[in-house]
Amino acid sequence: MSVLERRVTVGSAVGLHARPAARLVRAVVAAGVPVTIGKPDAPQVNAASILSVLSLRAECGDQVVLQTPDGSASQALDQLAALVANNLDAETD
Amino acid sequence: MSTVVNGIGVSPGIGHARALRLVRAALPPDVAVLDPATAMDSVSAACEAVAAAMEKRAAQSTGSMTDILDAQAMIVRDPSLAEVIRAGLEAGHTRTGAIHTAFESFSESLAAAGPYLAERVADLDDLEYRISATLLGVELADVIRIDDVSVVIAPDLAPADVASLDLSRVAAIVTQQGGATGHAAIVAKSLAIPAVVSCADAAAIEDGAWILVDGQAGTVTVDPSVAEVEAAVGRERSRTELLAAVSGPGRTSDGHRVELLTNIGTEFQSASKVDSEGVGLFRTEFMFLDRVEVPSFDEQVAAYSAAFRAFAGRKVIVRTLDAGSDKPLRFVPQRGESNPALGVRGLRVAREFPELLSDQLRAIGAAASESSAKVSVMAPMVSTPDEAVEFVTLARAAGIERVGVMAEVPALVLRADEVLEAVDFLSIGTNDLAQYAFAADRMLSGLSELTDPWQPALLILIERAAAAGAQVGKPVGVCGEAAGDPLLAPVLVGLGVTSLSMAPVLLPAVRAALADRSLEDCRRLSMLALGSRNGHAARAAVVGG
C-alpha cells in the first residue's frame, strides 16, 4: 500500500495554533480519511487531534509533511495541504 | 488600612465592589477500575456530555467566545487524548487518575511551547475538572449566581466559567494566574470589564472584602479609603474624557461629514461597542469558512440577525459571499484555476451556483425585515454595468432596498457613471483595486511598492469613482486598508470619498485625523498626492504638507 505525502509551508501568520489549527482538524475530520502531520524528519502525529497538532508548534513559514495511508485520498490530501498553506486567519480585501 | 497588591492590568477601567471568590467543589476519590473497557465507556460518555455542553454554550455566545468554546469541545473529543486515557485504564489507573495523566502529558508539551500555548494549559485543567466531575456525578453550576455587583476573584477563569457568569453584575475581574493573552484577559477586554490578571497575592483576599480594581494600572486595593476610591474615579474620568475628546460622527474641522464605519467578520459584538455609525463591510464568508455544507437558509437568517441586533438602529452594509481566490469556501467547489485572483470569485461564483447568491440575499432580506438596523447589501468582484444591474434586480427581489457594488475592478471604475445609474452606492476595495490596476499580486511582498495605496494611479481611480458618485448625489466609500490609515484618510476625503470603513481599533485615530483638517485642507493634500511621481513621493508630500 502506498503512503501519499505532501510537503507544505505553514501560511497562517500565527502558525498552526488557535483558529488555524482548529480549522485544519475540522477539515481532517470532515475528510474522513486517516491523516497524519509532522515536521520533516520528525514523528508524525494524528492530524485529527487538536492537542497533537498544537503540540507540533508549527510556526508561520515552517515546513510540515502531511501523510495518508489511503492511496485513493490524493484529492483530500491536496485540499488539506492547501488549507495549511493558506493564511486562513487573515481578513483581507 | 488598605493594602495594595499588583498584577497585570489587561482591561482598563475602575471596579469598586465586594469580592466574590469563585471556588470549585472538591471531587470525591474515584473507585478502582474492574473492567477497563466499561470504564472507558463511562469516560467517553462523560467527555461527550462535556463537549455537548460546551457546544451549546458556544452556540449561545458570539465572536471570539464561540471560537474558544468550540475549540474546547474539540479538545474534549480529541482522539489522541482518548488513546492515552485508554492506555492508563489498561495499566490499572482509576478513571480520574487516567484522565489526569492524559491531560498532564499534553499540558507538558504545550507548556514547553512558549507563553501563548502555555496559557491554554489553564484551560486544560478546567476541562479535566469538568470531565472528572461529570464522571463522578458532581454537578457543574450552569449559571454562577451573583446577587450583588461584585469583583470576581478566581485562580483563573476558563472560558466556560466566563460564559456562566452574569456579566452585568461583574464590576471587575481579578485572577491569580493567567496572562495578558489568556482567555480571561481576552474576554474581559472584549466586554470592557476592568480586569487584572496574574495577581498571585489576590489569593489572600477574603470573600466579601471591599475591593478597588484599577484595570489600567494593574492594581487591586483591599479595603480602600474614600480618598483612594475618589482618586481612582478621577483617573478613570480623565482617561475616558481624553478618548471622548473627539467622538461621534466623523467630520472635518469645518464640519464636512464623513461616515466612519467598521469592517467586521465574526467579531460583531465587540465591534458594536466602538463609537461608529455602523458597519461598512460585513464579510459574510468569515461566518462560514469552516463549513463543509452550504449553511441553511434558517442558519443564515440567525447569523445575520445576530449581527443586525448588535448594530440595531445603525447602518450595516452586508457583502455577499466573497468566495474563491485567497478565501476558499469548502462548500463552493474549487476548480484548478491557474490564476484564482482572476478566476471565478466573488459575484462570478453566482454564474454557476445562482441559488447560493439568491438564498443568501433572501436570508439577508428576512433578517433585515425584523431588525432596526439599516441594512444594505453589496456584491464583490463586479466588473460591468450589466452585472451590477443583475445584482440590483436580485437584491431588490429579496426585499433589500439599498443595493451597491464593490469597486475593485478597474473596468467597473471606468464606467462608474453607468453603474451608478443602477446602484445606490459604491464601496471601493482599495487592496483589490490596486492589485488589478497594477497587475500585481498583493500577497507578493516583492511587489508591495506597486500595490502601495499611495500610488497616484490608484488615487486617480478613487477620484474618478467619487466624482461619478458626486454627479448623481450617491455615496462612494472606501472599505479597504487605506481607509484606516490616519494619514491617507484626509486624502481620500479630499478626493471626494463620503465614508471610510476600517478595523474597529483604527477608528479613533482616523476620526481624530479628520477632525484636525478642514475639507479645503483635505482637497489640497489630495492634489499634492495626485501630482506626485510615485507612492513614496505622494506620502512624503502629504506628510510635509
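Analyst: A polar contact is a pair of N or O atoms within 3.5 Å; within protein, one must be able to donate a hydrogen and the other to accept it. The model discussed here is predicted.

User: At the start of helix 21 of chain B, which residue has a side-chain oxygen that reaches to the backbone nitrogen of B:His536?

Analyst: Helix 21 of chain B covers residues 535-544. At its start, the backbone nitrogen of B:His536 has a side-chain oxygen within 3.2 Å. The residue that supplies this oxygen is B:Asn534.

User: Why are the buried residues of helix 21 of chain B said to lie on the same side?

Analyst: In helix 21 of chain B, the residues B:Gly535, B:Ala538 and B:Val542 are buried. They lie on the same side of the helix because the arc they cover around its axis is only 60°. An α-helix has 3.6 residues a turn, so residues three or four places apart point the same way.

User: Which exposed residues does the face of helix 21 of chain B turned away from its buried side carry?

Analyst: To count as exposed, a residue must have over 50% relative accessible area. On the face of helix 21 turned away from the buried side, the exposed residues are B:His536, B:Ala540, B:Val543 and B:Gly544.

User: Which helices of chain B are included in what covers the buried residues of helix 21?

Analyst: The buried residues in question are B:Gly535, B:Ala538 and B:Val542. Their cover includes helix 17 (456-472), helix 18 (489-494) and helix 20 (519-530) of chain B.

User: How many helices and strands does the secondary structure of chain B come to?

Analyst: Chain B has 545 residues, of which 52% count as buried. Among its contacts with a separation of 6 or more, 66% are between residues 24 or more positions apart. The secondary structure of this chain comes to 21 helices and 16 strands.

User: Of the residues in the largest nonpolar core, which touch the most other members?

Analyst: In soluble globular proteins, nonpolar side chains tend to be buried together. The largest nonpolar core here has 87 residues. A second, separate core of 75 residues includes A:Val28, B:Met74, B:Val76 and B:Ile85. In the largest core, the members that touch the most others are B:Phe308, B:Leu426 and B:Leu500.

User: Which kind of aromatic pair do B:Phe282 and B:Tyr304 form?

Analyst: The count over all chains comes to 1 aromatic pair. The rings of B:Phe282 and B:Tyr304 lie 6.4 Å apart, centre to centre, with 85° between the planes. Planes over 60 degrees apart count as edge-to-face, so the pair formed by B:Phe282 and B:Tyr304 is edge-to-face.

User: How many residues apart in sequence are the parts that the pair of B:Phe282 and B:Tyr304 ties together?

Analyst: Both B:Phe282 and B:Tyr304 are buried. B:Phe282 lies in strand 10 (residues 278-283) of chain B, whereas B:Tyr304 lies in helix 10 (residues 297-310). The pair therefore ties together parts whose separation in sequence is 22 residues.

User: With which residues is B:Ser109 in contact, leaving aside its neighbours within four places in sequence?

Analyst: B:Ser109 has its place in helix 4 (residues 95-111) of chain B. At 26% relative accessibility, this serine counts as partly exposed. Apart from those neighbours, B:Ser109 is in contact with A:Ser55 and A:Arg57.

User: What is the length of the polar contact that joins the side chains of A:Thr36 and A:Gln44?

Analyst: A:Thr36 lies in strand 2 (residues 36-38) of chain A and counts as partly exposed at 26% relative accessibility. Among the residues that A:Thr36 touches are A:Gln44, A:Val45 and A:Leu66. The side chains of A:Thr36 and A:Gln44 are joined by a polar contact of 2.5 Å.

User: With the side chain of which residue does the side chain of B:Asp30 make a polar contact?

Analyst: B:Asp30 is in the loop between strand 3 (14-21) and helix 1 (36-60) of chain B, and at 16% relative accessibility it counts as buried. A polar atom of its side chain lies 3.1 Å from the backbone nitrogen of B:Thr96. At 2.9 Å, the side chain of B:Asp30 also makes a polar contact with the side chain of B:Arg95.

Technical notes. Residues are numbered from 1 along each chain as its sequence is written. Chains are lettered from A and ligands numbered from 1 in the order in which they are written. This is a predicted model: local features need pLDDT of at least 70, side-chain atom pairs count only at pLDDT 80 or more; totals for chains, interfaces and linings use all residues. Side-chain values use heavy atoms; hydrogens and water are left out. Buried means under 20% relative accessible area, exposed over 50%, partly exposed in between (1.4 Å probe, protein chains only). Helices (H or I, at least four residues) and strands (E, at least two) are DSSP runs, numbered from the N terminus. The arc is that of the directions from the helix axis to the C-beta atoms. Contact means heavy atoms within 4.5 Å. A nonpolar core is a set of buried Ala, Val, Leu, Ile, Met, Phe, Trp, Tyr and Cys residues joined through side-chain atoms within 4.5 Å. Rings of Phe, Tyr and Trp (its six-membered ring) pair if their centres lie within 6.5 Å; planes under 30 degrees apart count as stacked, over 60 as edge-to-face and the rest as tilted.
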